[in-house]
Amino acid sequence: MSRTVQIRTPIPGPRSQELLRRREAAVPRGVANVAPIFAAETRGATLTDVDGNVFLDFAGGIGVLNLGANHPEVVAAVKEQVDRFLHTCFHVTMYEPYVRLAEELNRLTPGDFPKKTALFNSGAEAVENAVKLARRYTGRPAVITFTHAFHGRTLLGMSLTAKVSTYKYGFGPFAPEIYRLPAVYPYRSPFADPAATARHALEDVRRAIEDEIGPDKVAALIIEPVQGEGGFLVQPPEFLRGLRALCDEYGIVFIADEIQTGFGRTGRFFAVEHSGVVPDLVTMAKSLGDGLPISAVTGRAEIMDAAQVGGLGGTYGGNPVACAAALKVIEVMERDRYVERAQAVGERVLARFRDWHERFELVGDVRGLGAMAAIELVKDRATKEPATEETAAIFKRCYENGLILMKAGHHNQVIRFLAPLAITDEQLDEGLDILEEAIASVSRTR
Ligand SMILES: Cc1ncc(COP(=O)(O)O)c(C=O)c1O
């Protein structure tokens, strides 16, 4: 069996080191980098750096590359659009790819009712606009968000986001009328039974809405069906269904943030589909464009139409080149059954993760939905103290051995799997072997 990974120099290699020096002088430290690697070329689930080292990619540019890096059909569609026109601004002169992509997203998102779609550039922008729409539609100010949530880095996005140390520290004051309530974290819940955890969390949300905020003040509730940055926390279907029922009871707009979970990652087109919940609005970005910056809000036509003419948009939103990429992504995903591939990849990864849970004390929890899978590392299974330093050591050993990973969780104690779904089984096993060796090496020296 031929190996994909080829490590020719110590990491970072000499060219990367030179670029690192320039990067440190020219780019602020706040723009974090998870590995000291500079890309030269990407293909499928591989990345070749400027020193000629070939890495396997389990990060997918943070869940952007479900279809694989530089998918040839996406690249061809982009080139074709580049040759026709790059930009007109949809507000100035319209173009068909924007309209066609809106039609496609109206078709694909859950819900059998009239829908409309507005396009933007980034995930944070989609979140901002979903909240704007919910407020305009309901005429109410408050937004409910959850513990461990991540919704972006703009003022409203970071206000909705939970983790202070990285994303919010010193950046306040934050946007007002945001109420954070507990999401479900089965591994760290005081209740043994996940259904009991879900029930208690739901009671907390109801109590907060009824007693503390006032139901007639709540415009929207926004939730990631699987919380991404927070540590791949799968929200139980009964919790999501309970939230949906509360939203129905009080006329609150249910926003599913599918920015990281969408486009097949969890073994359904959208993760919320696992619960049968139909959101009022869905936010999308990341793997929608397979690397081109594009995001969307899709939802009930009457909510989407609530904003006054001119109330939504931006100079670049729904850029034609990004629309061409997204349209090709949808075509290829459906034709090549990427949703089914996500299930198969997820099963293969989770089987290995469960085996590690049996063998390594360090692996405290294994969780996931489809190919959105993670392990949480703890110093001690009894206290569940987050193994932050061990996770960092594993992470470093992995990239030195040719595997690019992403961490997650409030203590950077979770290793998450976001490899392109185009990864082959051989590449998957090769990457998992590198990760296993790194876990074993840290476990031995504990
Ligand atoms: C669930 C979720 N919402 C919003 C965002 C923000 O997206 P962007 O970084 O494109 O602004 C992210 C990014 O990781 C995300 O995972």
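Residues are numbered from 1 along each chain as its sequence is written, and side-chain values use heavy atoms, with hydrogens and water left out. Because the model is predicted, local features need pLDDT of at least 70 and side-chain atom pairs count only at pLDDT 80 or more, while totals for chains, interfaces and linings use all residues.

**Overall fold**

The protein chain has 14 helices and 17 strands; helices (H or I, at least four residues) and strands (E, at least two) are DSSP runs numbered from the N terminus. Its radius of gyration is 22 Å, close to the 22 Å that the globule rule gives for 446 residues, so the chain is as compact as a globular protein of that length. That radius is taken over C-alpha atoms, and the rule is 2.2 Å times the number of residues to the power 0.38. Along the principal axes, the C-alpha atoms fill a box of roughly 60 × 60 × 45 Å. Of the 446 residues, 57% are buried, where buried means under 20% relative accessible area, exposed over 50%, and partly exposed in between (1.4 Å probe, protein chains only). Among contacts (heavy atoms within 4.5 Å) with a separation of 6 or more, 72% join residues 24 or more positions apart.

**Domains and cores**

The domain assignment gives domain 1 (14-63 + 337-444) and domain 2 (73-335); such bounds come from an automatic or database domain assignment. The C-alpha centres of the two domains lie 25 Å apart, and their contact takes 33 residues from domain 1 and 29 residues from domain 2.

A nonpolar core is a set of buried Ala, Val, Leu, Ile, Met, Phe, Trp, Tyr and Cys residues joined through side-chain atoms within 4.5 Å. The largest one has 125 residues, and Leu101, Phe146, Phe353, Ile394, Phe417 and Leu435 have the most contacts inside it. Helix H11 (residues 320-335) gives the most to this core, with ten residues. Domain 1 and domain 2 both give residues to this core, so it lies between them. Apart from this core lies another, of eight residues, among them Val226, Phe232, Ala374 and Leu418.

The expected span of a helix is 1.5 Å times one less than its number of residues.

| Helix | Length | Span between end C-alpha atoms | Expected span |
|---|---|---|---|
| H12 (residues 338-359) | 22 residues | 32 Å | 32 Å |

In H12, Tyr338, Ala342, Val345, Gly346, Val349, Leu350, Arg352, Phe353 and Trp356 are buried. Seen down the axis of H12, these residues fall within an arc of 165°, so they line one face of the helix; the arc is that of the directions from the helix axis to the C-beta atoms. On the other side of H12, Glu347 and Glu358 are exposed. Leaving aside residues up to four places away in sequence, Phe353 touches Val366, Ala373, Ala374, Ile375, Phe417, Leu432 and Leu435.

In H1, the buried residues are Ser16, Leu20 and Arg23. They cover an arc of only 65° around the axis, which puts them on the same side of H1. Strand S2 (46-49) is part of what covers them. The face turned away from the buried side carries exposed residues, including Pro14, Arg15 and Arg21.

**Pro114**

Pro114 lies in the loop between helix H4 (96-108) and strand S4 (115-120), and counts as exposed at 60% relative accessibility. The C-alpha atoms of Pro114 and Ala301 are separated by 5.5 Å, although these residues are 187 residues apart along the chain. Not counting residues up to four places away in sequence, Pro114 touches Gly299, Arg300 and Ala301.
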